[in-house]
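Here's a quick tour for anyone meeting this structure for the first time. Have a look at the model, then read on.

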Amino acid sequence: MLISEETIKKVNLIIQRMFTHNRSWDRFLAYSATEWAFDHFNDVFHQGLAHLYPLLADVAGDILLRYNVAPEYYETPRDSRVYSTMLEFFNININEHTETYELIKSAIDTATINGDLNVEADLKALLRLFNHFMQQAITLRDKAQIYGENNKAMFDGFADQFYVLQNEYEQLTNSDNDDD
C-alpha cells in the first residue's frame with residue numbers, strides 16, 4: 001500500500017479539524033454580527049476566512065485521493081458558544097489553530113515513520129499553507145488587544161486592514177489552479 005492506515009487516519013482527522021474551524025468561525029461571525037454589530041468584519045472574514053477552511057479540508061482530502069483512498073468526513077462538534085469579549089474568541093481561536101498545527105505535525109511524523117514520503121511532502125506543503133492561517137489568528141488577537149473592548153466599532157471598521165490571507169484566498173479559490 002502506498003499510504004499507511006495510520007497516515008490515512010491522521011489525514012482524516014485533519015479534514016475534520018478544518019471543518020471544525022469553519023464551524024467555529026461561522027459561529028463567531030454570526031455571534032459578533034448580532035451582538036456587537038461586526039458587519040464589516042463579517043463581510044471580510046466570512047468569505048475570506050471561514051469559507052477557506054473547507055477548501056483546506058479539500059487539500060487534505062486530495063492527498064488521500066491521489067492514492068485512491070476516499071476521505072472520511074468525521075463528525076464535527078456542535079458550536080453554540082457565546083463570548084463575553086472579542087479577545088476571548090481570538091485567544092480560543094489561537095488555541096484551536098495551535099491544536100491543528102500540532103495535528104498536522106503529528107501526521108507528518110506518522111507519514112515519515114511509515115515511509116509515506118510523498119504524503120509527508122504533501123503534508124509539509126499543507127503545513128506551510130496553514131502557517132498563514134496561524135498568522136491571521138495571531139494578527140486578529142493582537143489587533144483585538146490593541147483596539148480593546150471599548151473600541152469594537154473601530155476594530156470592525158478597520159477589519160479589512162487586518163486581513164492577511166489574500167494570496168491564500170487566491171490560491172484556494174482559483175479553479176484554474178492545479179498544483180498537483
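## The nonpolar core

Let's start on the inside of this predicted model. Its largest nonpolar core has 52 residues. The ones with the most contacts inside that core are Trp 25, Phe 41, Phe 45, Phe 90, Leu 123 and Phe 155. H5 gives the largest share, with 11 residues. As a general point, nonpolar side chains tend to be buried together in soluble globular proteins.

## The fold around it

Stepping back, the protein chain has 7 helices and 0 strands, so from the N terminus the elements simply read α-α-α-α-α-α-α. Take the contacts between residues at least 6 apart in sequence: 80% of them join residues at least 24 apart.

## Size and surface

The C-alpha trace spans about 55 × 30 × 25 Å along its principal axes. For 180 residues, a compact globule would have a radius of gyration near 16 Å, and the chain's 17 Å agrees with that.

Of those 180 residues, 46% count as buried. The accessible surface comes to about 9200 Å², and carbon and sulfur atoms account for 48% of it. As for charge, there are 14 positive and 29 negative side chains, with the centres of the two sets 6 Å apart.

Notes. Residues are numbered from 1 along each chain as its sequence is written. This is a predicted model: local features need pLDDT of at least 70, side-chain atom pairs count only at pLDDT 80 or more; totals for chains, interfaces and linings use all residues. Side-chain values use heavy atoms; hydrogens and water are left out. Helices (H or I, at least four residues) and strands (E, at least two) are DSSP runs, numbered from the N terminus. The radius of gyration is taken over C-alpha atoms; the globule rule is 2.2 Å times the number of residues to the power 0.38. Buried means under 20% relative accessible area, exposed over 50%, partly exposed in between (1.4 Å probe, protein chains only). Contact means heavy atoms within 4.5 Å. Accessible areas come from the Shrake-Rupley method with a 1.4 Å probe; for residues, only the protein chains shown count as cover. Lys and Arg count as positive and Asp and Glu as negative; His and the chain ends are not counted. The place of a charge is taken as NZ of Lys, CZ of Arg, CG of Asp or CD of Glu. A nonpolar core is a set of buried Ala, Val, Leu, Ile, Met, Phe, Trp, Tyr and Cys residues joined through side-chain atoms within 4.5 Å.
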